[in-house]
Each structure stands twice: as C-alpha cells, then as structure tokens.
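Try each task before reading its solution.

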Amino acid sequence: MSTDNKIILQINDLSVSTDGSQILNGLNLTVRKGETHAIMGPNGSGKSTLAKTVAGHPDYLITSGKIKFLNKDLSLMSVNERSNLGLFLGFQYPIEIPGLSNTAFLKAAINAQRKFFDLSDIPAKEFLIELKSKADQLNLDQSFLSRGVNEGFSGGEKKRNEIMQMLMLKPKLSILDETDSGLDIDSMKIVAQGVNSSRSKESSTIIITHYERLLNYLVPDYVHVFSDGKIIKTGDLELANELEKKGYEWLTQEK
Amino acid sequence: MTNQQNKEINEFLDKNYEFGFTTEIDSETLPPGINEDVIRIISSKKNEPEFLLNWRLKAFAYWKTLKSPDWSQLNIDPIDYQSISYFSQPKQSNAPKSLDEVDPKLLETYEKLGIPLHERAQLAGVAVDAVFDSVSIVTTFKEKLAEAGVIFCSFSEAVQDHPELIKKYLGKVVPYRDNFFAALNAAVFSDGTFVYIPKGVRCPMELSTYFRINEAKTGQFERTLIIADEDSYVSYLEGCTAPMRDENQLHAAVVELITLNNAEIKYSTVQNWYPGDEQGNGGIYNFVTKRGDCRGNNSKISWTQIETGSAITWKYPSCILRGDYSKGEFHSIALTNNLQQADTGTKMVHLGKNTKSKIISKGISAKKSQNTYRGLVSMAKGASDSRNYTQCDSLLIGNKAGAHTFPSINVKNSTSVLEHEATTSKISDDQLFYCQQRGIDEEDAIGLIVSGFCKEVLKELPMEFAVEARALLQVNLEGAIG
C-alpha cells in the first residue's frame, strides 16, 4: 500500500472492546485532508467508542486492527501527543474542572502544542485577543473566561466551549461527538458556523450525530451508518435525509 | 590528593563525630541524651545570661512531668528523647566540593523548582565562596536594614546584643508550659531568628531573600521571635522550596510573633522537608508551635503556609486577637503524598472587640496519605462584633487518600458572626483525560488543577515564591496517580 499523503486518518479492520464487551468489529474508514465525514447510527453501535479510541481513552482496548493518524501508528502515541499532532475530540459530555480557569486551561493547551514543535510560549497579548474574538464568535460571554472550565455552564454553553477550544487549537482532525445534541436551533447554527469557519483543505472533520439538521449546515462529503460496530452503508447527505424519514431499522434490517 | 586518600581522611573525620564529646570545650557534638548538665552546657557554650539559663531549666523540669501528646490523628512511632543529641555544629568534611559532586537527581529537582542557579550550590551544601556574589548581596541587605533601624539577626546574637528585648518578650506568646514540644524547645533550643521592627518603620525589604541564601540548614529546635512595634510592618518568609534533608528526624521549632498598635506581620512558610521514602521511612517530623499575639489595637498577623514535605506535619499557627479591631489570617496549603501525614490547622482566639479572622485551608491528599484540618475559632465574652470566615477545602487524588476535618467553634457572646464553608472534591480520571486530550500531559494537568484549587492561598505568597510554590506542588505530586 503506498503512502497517500492526503490521508489524515486510516482505520483498518479495527476491533475494540471495553469492560469486557466487544464494541467495534472490523471497522474500516479512510478520511482524507479537507473532507467532512458524518457518522450516524443507533445507540450502542460504536460511534462514541470510535471517537474515544482514536483519542486514546484508556478504557478502550484495541483487540485487532490498526489506526494511522498522519501516517503514524496511533497506538505508539500518548493521548496528549496525539493532540499535539493535531487531533481534537469534541466531547459528548464535557467535564467540569472547577478552580482551573478556561483561560489558564487553553493557554496551557496551546503552549503544550507549541512546545511539542519547539516553539516558544504564545505571547500573552496575542493569546487574549484571539481568545476574546473566538468567545464572541461562539456567543460566549467574556465573563466565562475567568470561570472554571465548564463550571456552571449550561449544556449549550459546554458544547459551544468545545468548538471554541477547537478554533483556538486549530486541529488537523476534529472528531465531534454529538456536538449538536441538546442544542436549540440558534446554538446549533452558531456551532455549525464555527465549525465551517475552520474548514480548510488541510484539515478534516468527523461529525457524530443522530440528526440530519446539523448536516444541512455542515454538508458532509460522506455519511456513514454504523451498526454493531462497523459501517454498514456509506452515502452522502441524501442518505442522512432518508434516515431521517425512515429511521435506522430500514438499514439494519436490510442487513 | 588521590580519591583513596580523600576517602581515608573522610572516614577518619567521621569517626571523630561518632565518639562525640572530645576533651576541648569548643568541639562539635554532645553525646545523645538530655539532662540538666546538657542544658547547662548548651547555655554556657552560647554564653547566655542567667535569666535565660534559668528559663531553660524551669522548662526542662516542667517537660519531665509531661507525657507525649497522643490526641492527634497522626500515627507516630514513639520518639526516644534520650537518643537525640541536643547540640551539634554543622558537619564540614563530607560537603561536596562542587555541583559536579552533587546527586544529579537533586539538581534536577532544583531545575524543576526554578531555583536560581547561584543558590543551588548553597542549598546542596557546597562550600560557598565569594565567586557566587552571595557575600555582596548580604552586605547590601544588611546596610539597608541598618539604615531603617531594623534588627534582624540570629537568636543567639540577639541574646548577646539585645538581652532586654529577649527578656521582655521571650516565652510571652508561647510559654514553656504551653505544650510538650514547646517545653522541650524552651529547654534545648539551639538557635533561630530574631526580628525587631522599630516604631513607624516599614521594613524596606521582604526578610526572605537573605534567609534563603544563608539559612539553608536549620536546627532541630529553632526559636524565632518577631516583634513589630507600633505602626510598623514586616513580611518574613521562612523555609525554601528545595527539598531539605537532615539527619535529625525531629524538628520542634517555636515561633512567637507580637504586633503592637497598628503594626502588621506577614509570616510565610514554604516547607519541603524530606518526606521519607515510598515506604514512609526516614522522613522528618515537623512538630512546630507558632503563635501570634495581636497585642495592639488595629494590628494584624497573617500566616501563610505551603507544607509539602515531612513525613509528619503537626502544627497550628494561631493568632490571639487581643487588641480591638485586630485581624488574624491563616492561609494554608497542605499537600500529602505516598504515606505522609499532616494534622494542621489554626486557632483564632478572639478576645478584643470588632476583631476579625479569616481561615482558608486547602488540603490535598494523594496515594495513601492522610490529611487532617483542625481548626478552633473561639470568641470570648468581651469579643463583641467579632467575625470569622472559614473555608476548608479538600482535594483527593486517587482512591486511597484520606482527608479529615475537625472544625471547632466556641462563641461566648451574641454579636459575633461566623461563616464556615467546606468542600471535598476529587481529581477524576475524566478531568485528566480531558486535559490530556487538549495536549496537556498528565503531570502538568494535575499541576494545573491543583494550582487552580490553591490559587486563593498562592496569591498571598510573596511574588517570587508564588511561582516556585506552583512548581513545588507539582514536583511533590509526581507519581500521585497510579
């Protein structure tokens, strides 16, 4: 197999188990630079498991198969190394870290990435200017910057904070795990607009979602449907539209 | 000189110390054991006036009637007081000749703590010479203090040069009858620090830099006395972030602070004594009595402590709020890891009217350590309209650490107001994973979370130390997870 420099994420025959149960069963997926992939599927089908496995969550064990990120074997990299190289996970349930301000947190994250590439710390002024502008873009009040990470945030604010962090870190691959769940229409539009603003030929996005409506804003190149730990169908936005009308059973029964 | 010759000489010198008391009166070490003769020798070696010798002897007589206290949460192996040597000069022969001879791990720790290069040699025990410029720093410092009329010297020097001040104030805040360790200290204290700030003087510099450079090695039974006369101010910092080893296991110091009308003393401590190995062996016992007496109206004493070392930390820096409108503050971070134990807190005793006290205690316990906060807030009948605010927070890391809180409130009037808040939280795996997914490695993540947890206390430290203190917390949390 030749090395395709356009491939950001290459997953081959991936099987993953957690807590004694096998969740992913021989999954295959290729994501190239500049592409947006959507992943849909019933609960328990392995969508979140995929996200967490790629991120390197210790509870998830790769029992067979391989994942390559930027042509590097992921299993050789620690969680924070993967992030430094440009992997971002938008959490389904972002956790609160009281006492650690959003500002201090983001600064540490950005500086960790810069250190990885032998760069010096980001100048304070430059950091604050960018932070404030991104906060505005995501409609997050300036006061939140001094509050603890996600501390006392509503569900919508937490999801917008995820996207704000993504915009600050400028990842090569973002995996957004149900970023739209629990969001009202306005918040969803803000999130979609935020994600769209960061799209480029060099970066890619994987959006995990149940709902077609976000995809109408983010227009994916591919839509994959998960079932029982593997992809059972791949299509485009039209596939998502059909699922909205017919439900997952239409596909899972067909199998 | 060859290595072999060096080795032989060192061995010979070592032997000398082993056999203790030699024939000459000025030589180094007394054999172990405590009795009246030992105390007389200590006092005469220091050329002390009669009143001080008598005070020591009375303290010793009282100490003999006491039993070691056992009410704490601490698990302490019994101490054999007859096996301790109560007077010894600093050892010279084994001192490293340069940084090249110092344990590289120790140097690595200095690096992590951000200790200035010119101080590392001193801290490692390398014999200091003029090249390091420490001599000129000290000289400039002394000149500035002399100009302001500030007295800042060793306790022994103060006994010689200012015996009237010693006689007036020694033992008035912590009398030898106060507790077991105070009695022992009063009998055998070796040396310590004396500070006197004259009326109306704001001490021109933090009494910390000097201390860090020159007092890297401390004695077992130190005695510190700080007096701030009317309308004066001083900020004093003891200890250092560098890990400190000592052959002596027990450290029972006494610190007495006195503020007269409108005066203020800010006393900060950073302590990183050797905590013992991972099995808990060989660590230092830090049993210290610290108390401040706000004698004057509108006077203020604040204690800030960062305790990260020692096998066992047992101390309650306290304030007696005697003067009307006087204020007492206690800010503390106590970190325990591995098998360390801490039983620490404060006593705020409100006697005067409109007195205020504030207590912010942050306890962090990791691995199998035990961390206890013990606080007493008492308001006497005459302490009308007094106020206290107490906040004690515990942070647990891992599933085996323990945090305990024993707050005690004793109010004897109906106009006092007290507020108490307490939280217990844990650093969860999810929080760590979240930080790591944003590129922050696990150790840095713990450091950040702990730092955030402690920030209210960290901001009370003199600025130069706040940065080191953050690094100190992180270094001492190494290996806290898993």
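**Exercise 1.** Find the hairpin formed by β4(A) and β5(A), and state how many residues lie between them.

Solution. β4(A) and β5(A) form a hairpin with 2 residues between them. Now look at the turn: Leu70(A) has a positive phi of about 55° there. Strands here are DSSP runs of E with at least two residues, and helices are runs of H or I with at least four, numbered from the N terminus. This is a predicted model: local features need pLDDT of at least 70, side-chain atom pairs count only at pLDDT 80 or more, and totals for chains, interfaces and linings use all residues. Residues are numbered from 1 along each chain as its sequence is written, while chains are lettered from A and ligands numbered from 1 in the order in which they are written.

**Exercise 2.** Trace how β4(A) pairs with β5(A) and with β1(A).

Solution. Two strands pair if DSSP finds at least two bridges between them. Start with β5 (residues 72-73): its antiparallel pairing with β4(A) has 2 bridges. Lys68(A) has Asp73(A) as its bridge partner. Next take β1 (residues 7-18) and β4 (residues 61-69) of chain A, antiparallel over 7 bridges. Here Ser15(A) stands opposite Ser64(A).

**Exercise 3.** Give the strand order of the open sheet in chain A.

Solution. Gln10(A) stands opposite Thr30(A) in β2(A). The order of the 4 strands is β2-β1-β4-β5. β2 (21-32) and β5 are the edge strands, each pairing on one side only.
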